[in-house]
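Subject: Structure handover

Hello,

Here is the structure we spoke about. Please open it alongside this note, and then read on for what was found.

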Amino acid sequence: MRIVGMLAVVVVCLGSMGWAQAAPAQPASAPPILLGTAWYPEQWPESRWDADLTLMQQAGIHMVRVAEFAWARMEPAEGQYDLDWLERAVNAAAKHGIYTVIGTPTAAPPAWLTQKYPETLRIKEDGRRDQHGNRQQFNWANPKYRELCRKIAAQMAQRFGHNPYVLGWQIDNEYANQSFDPDTQKQFQDWVRARYGTLDNLNARWTTQYWSEWYSDWSQIPIQTGYGNPGLLLSWMRFVSDTWRSYQKNQIDAIRASADPRQFITTNTMGFFDGFDHYTVEQDLDMAAWDDYVGQGHLDPVRNGATHDLTRGFKRKNFWVIETQPGSVNWAHINNSLDKGEVRAMAWHDVGHGADTVSYWQWRSALNGQEQYHGTIVGSDGTPVPLYEEVAQIGKEFAKAGPVLAGTSPKSEVAILYSYDSRWAIQWQKHNGDYDPVKALLSYYGPLRAIAQSVDVVPPTVPLSGYKLVVAPALNVLTDAAAKNLADYVRGGGHLVLGQRTAMKDDDNTLYPERQPGPLGALLGGRVEQYYALEAPVPVEGNFGAGQSQLWAELLSAKDPSTEVLMRYGVSNGWLDHQPAAITRKVGNGRITYIGAWLDDASMRKAAQWMTTDAGVHVALGPVPEGVDVYPRYGADHTVFILVNFAKTNQTVSLPKEMEDVLAGGAKKAVILPQYGVAVLTTK
Ligand code: GLA
Ligand code: GLA
C-alpha cells in the first residue's frame, strides 16, 4: 500500500484527545517506500528512547512497529489501561520523522488474564491446557478471550486512531494455534451443520458408510487433523480459517470504530504456512503483510520470490514485508548470517516483488526473554552492529528511489494458481511421502518467472482473462466455481496448463466420479488413466526434450482427435512405457494442456518456453544473464526495473533502451552488477 497524501494536522487540534506529550506539529507524508524496524519501547527506560530513535533516523528508518506483545504493560490489571507511555513513544518517534504501526497485543496475553480466565487458554491436541510463559497460548475461538481482545483493541484505537503518525494497525501476530476444547468442538459441529444443513447431506458428501463413520447426531462429529475422513479434515481447516477470520474481525471492528479510514489494518502472515486459508482471512484486511525469514542458509530468490507473489496475491496489490531478518535468526539449526550485501539484495528483491515496506525484526534484543541471540541492528549495548551500515545504505537508497517507485506495482501476464484446499488434500494423502505441493508449484514458478520476469500467484476463482498463461500445478481440489472459471478462461482464448494431481476432487475433498481432470476432461479431450507414485525417476521424451519425471507419473490418454501428445514416457514399469505424459488441445483461440510428469529442471525450462511462446507472453525487460533477477514495477507513465545479481560473479546486463539509473545516476544502456549488486532503472 502506498501511504501518500497524509493530511497535515496541527497538534493543538488534538489537545482534547489527551496527548501525553506534544508531537511535532506537521507530519509530512510518509515516504512511499519505507524502511522500518520492530521496536519495543516497553523493554527500555524512556531515557533510552531518544538515543535509539536518533540511530534509527540516521539509518533512514521511517517506520517502527510497536506494542504487539505489550499487553501486560498496557493493561497491568483488568480494566486498568495505561497507554500514556505508548503515546509518548509514538510521539518521540514522530520527532525523528518516524511513523508507527501499532500491533494489537493479543498473541501474548498477560499472566493475570490467563490466571483469572483459564478458559481462554487453548487445549492442545494432546488434551493438555497450554500455559503462560511463551506466546500464542490463547484459544482463538473462546468468547471471553475475544471480549478481552476487543476491549484492549478499542482502547488502543481510541487513543491512536487519529494520531497522524500512526499509519496503521497489525492485528495480533502470526496466527497459528488451534484449540481442541469441547466448546470449540461444539462450534465446529455448528459450523458443519450450517454448511451441510442435514445429516443426510453430510453423510452422503463425506461417504460415511465407509468404516461406519455415519452420523446420526451433530454432536457425534469429532475433530480430526492429519489423518481422518477427507471431508471432515477439510471442514475442520475451513472452520479453523473462518474462526481466524472472525477472531480478526472482532478486533478490526473495535479498531474501525475509532480509527481514521486512512489507517490501514493488516496482519503478519508466514509465507507458505498452511495453518489456515489465507484467502479467507485476508478478505477483511486492507493490505497483506508477511514475515520473511530465510532461517538457515541464504536467500533462494525463487522460493522467496514465489512467497512474495503469494502474499501479493492475497489482496492482489502491493504488500509489506513487516518483519525480516537483520542478518540472522535464532530459531534455525544453524543461525548463520546472510552475507555482506545480501541483506540489501534481499531488501530490493522484496521491493521488486511489490513490497512497499521492508521492516527488520528487530532493532535491539531484549536483555532477557526467549530471543536473545536473534539478529538485530544495534547490540545489547545499544550501539550499531556491523550490519547497521548496510541498513543505512538501504535507507538512503529507499529515499532516493521512493519517488520513482511511488504508485508502481508488479503486473504479470502469467498466473500460477494456488489453493489451500488442494495443498491440504495432497498433504493428507501424499501417496509419495516426498511429494510437496509447494515444490510442485515452484517447479513451474522458477522457469516461468525466469522467462516472463513477473508471475502472479492467485487462487483459482479470481478473474483470469487478463492473463496470457495460467498454470495450475497440483490443483487437487477443484470447486465448481473454479472449474467454471478455468473453462471460461480457455474458451475466452486463454492458455491453461494443468499440472499433476489436478482436478481429482470436488469441494468436499470427495473424488470426482470422473478421472482427472474431472469437469475439465471434456475440454482437454483426454484424461488421466492412472497415476503412479515413483520410487525412482522415469524417462520422458518429446517436445520438451528428453528428461525425467520424478516422484509421480500420470499415464494420460488423448481421446479427442484434436488432442495432441506433447510428451511420452520412456521404458520403465511397463505400464507407462511409450504412453502419453503431456497432452494439449486447442479450443478456439485458447488452449488447455495437461502435464502428467514432474519434469526435471531442463525439461521444465523447455516446457515453460513452449507454453509462454504459445501463449504470447512478453518478456518484461529482455534476456538477462543467469543469476540476475529482473523485477518490473509499472506506473501510469513509466516502468521501473529493479535488477539484483544473485550470481557469484559480475554480470553485465544490456538494456533494450536507455534508462535512468536511479541509484548510481546517469542514463544507461547497460549495467554491471557484482554479486548482490542492485540497479534501479526507470524508463522516465
Ligand atoms: C487392511 C485393512 C483393509 C484396508 C487395507 C489397505 O488390510 O483390513 O480394510 O485398509 O489394509 O491396504
Ligand atoms: C516471528 C515473530 C517475531 C519474532 C521473529 C523471530 O516472525 O513474529 O515476534 O519472534 O519471528 O524470527
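One definition before the details: two strands pair if DSSP finds at least two bridges between them. Please also keep in mind that this is a predicted model.

**Overall build**

The protein chain has 17 helices and 25 strands. Its C-alpha trace spans about 75 × 70 × 45 Å along the principal axes. A compact globule of 684 residues would have a radius of gyration near 26 Å. The protein chain has 26 Å, so it agrees with that value. Of the 684 residues, 61% count as buried.

For a sense of distance, take lysine 586 and threonine 120. They are 466 residues apart in sequence. In space, their C-alpha atoms are 57 Å apart. Lysine 586 sits in strand β18, residues 580-587. Its relative accessibility is 46%, so lysine 586 counts as partly exposed.

**The parallel sheet**

Start with the open sheet of 9 strands. Its order is β5-β4-β3-β2-β1-β9-β8-β7-β6, and the pairing is parallel. The edge strands are β5 (264-266) and β6, and each pairs on one side only. Strands of a sheet pair through backbone hydrogen bonds, either parallel or antiparallel.

Look at β7 (residues 289-292) in detail. Which strands does β7 pair with? On one side there is β6 (residues 268-269), parallel to β7 over 2 bridges. Here threonine 269 has tryptophan 290 of β7 as its bridge partner. There is also β8 (residues 319-324), which runs parallel to β7 and is joined to it by 4 bridges. In that pair, alanine 289 has tryptophan 320 of β8 as its bridge partner. The chain gets from β7 to β8 through helix α10 (residues 301-315), and this β-α-β crossover is right-handed.

In a regular strand the side chains alternate between the two faces of the sheet. Are the faces of β7 covered or open? Both are covered. Ala289 and Asp291 are buried on one side. Trp290 and Asp292 are buried on the other.

Elsewhere in the sheet, β3 (residues 99-103) and β4 (residues 166-170) pair in the parallel sense over 4 bridges. Glycine 103 has glutamine 170 of β4 as its bridge partner.

**An antiparallel hairpin**

Now go to β23 (residues 651-661) and β24 (residues 667-673). They run antiparallel, joined by 6 bridges. Serine 654 stands opposite alanine 670 in β24. The two strands form a hairpin with 5 residues between them. In the turn, glycine 665 has a positive phi of about 85 degrees.

β23 also runs antiparallel to β25 (residues 678-682), with 2 bridges between them. Glutamate 660 stands opposite threonine 682 in β25.

**Backbone points to check**

Most residues other than glycine have a negative phi, and most peptide bonds are trans. These places depart from that pattern.

- Tryptophan 361 and glutamine 362 are joined by a cis peptide bond, with omega about 0 degrees. Glutamine 362 is in the loop between β9 (355-360) and α12 (387-405).
- Glutamine 516 and proline 517 are joined by a cis peptide bond, again with omega about 0 degrees. Proline 517 is in the loop between β13 (495-498) and α16 (521-524).
- Glutamine 136 has a positive phi, near 60 degrees. It lies in the loop between α4 (111-116) and α5 (143-160). Its relative accessibility is 17%, and buried means under 20%, so glutamine 136 counts as buried.
- Asparagine 509 has a positive phi, near 65 degrees. Its place is in the loop between β13 and α16. Asparagine 509 is buried, because its relative accessible area is 4%.

**A surface patch**

Last, the surface. Which residues form a nonpolar patch there? They are Tyr210, Trp211 and Tyr227, with about 460 Å² of accessible area together. Tyrosine 210 is in the loop between α7 (199-205) and α8 (230-256). With a relative accessible area of 44%, tyrosine 210 is partly exposed.

Best wishes

Technical notes
Residues are numbered from 1 along each chain as its sequence is written. Chains are lettered from A and ligands numbered from 1 in the order in which they are written. This is a predicted model: local features need pLDDT of at least 70, side-chain atom pairs count only at pLDDT 80 or more; totals for chains, interfaces and linings use all residues. Side-chain values use heavy atoms; hydrogens and water are left out. Patches are made of residues with over 30% relative accessible area and no salt bridge: like charges are joined within 9 Å, nonpolar side chains (Val, Leu, Ile, Met, Phe, Trp, Tyr) within 5 Å. Accessible areas come from the Shrake-Rupley method with a 1.4 Å probe; for residues, only the protein chains shown count as cover. A salt bridge is a side-chain nitrogen of Lys or Arg within 4 Å of a carboxyl oxygen of Asp or Glu. Buried means under 20% relative accessible area, exposed over 50%, partly exposed in between (1.4 Å probe, protein chains only). A crossover is right-handed if, with the strands pointing away from the viewer, the path from the first strand over the helix to the second runs clockwise. The radius of gyration is taken over C-alpha atoms; the globule rule is 2.2 Å times the number of residues to the power 0.38.
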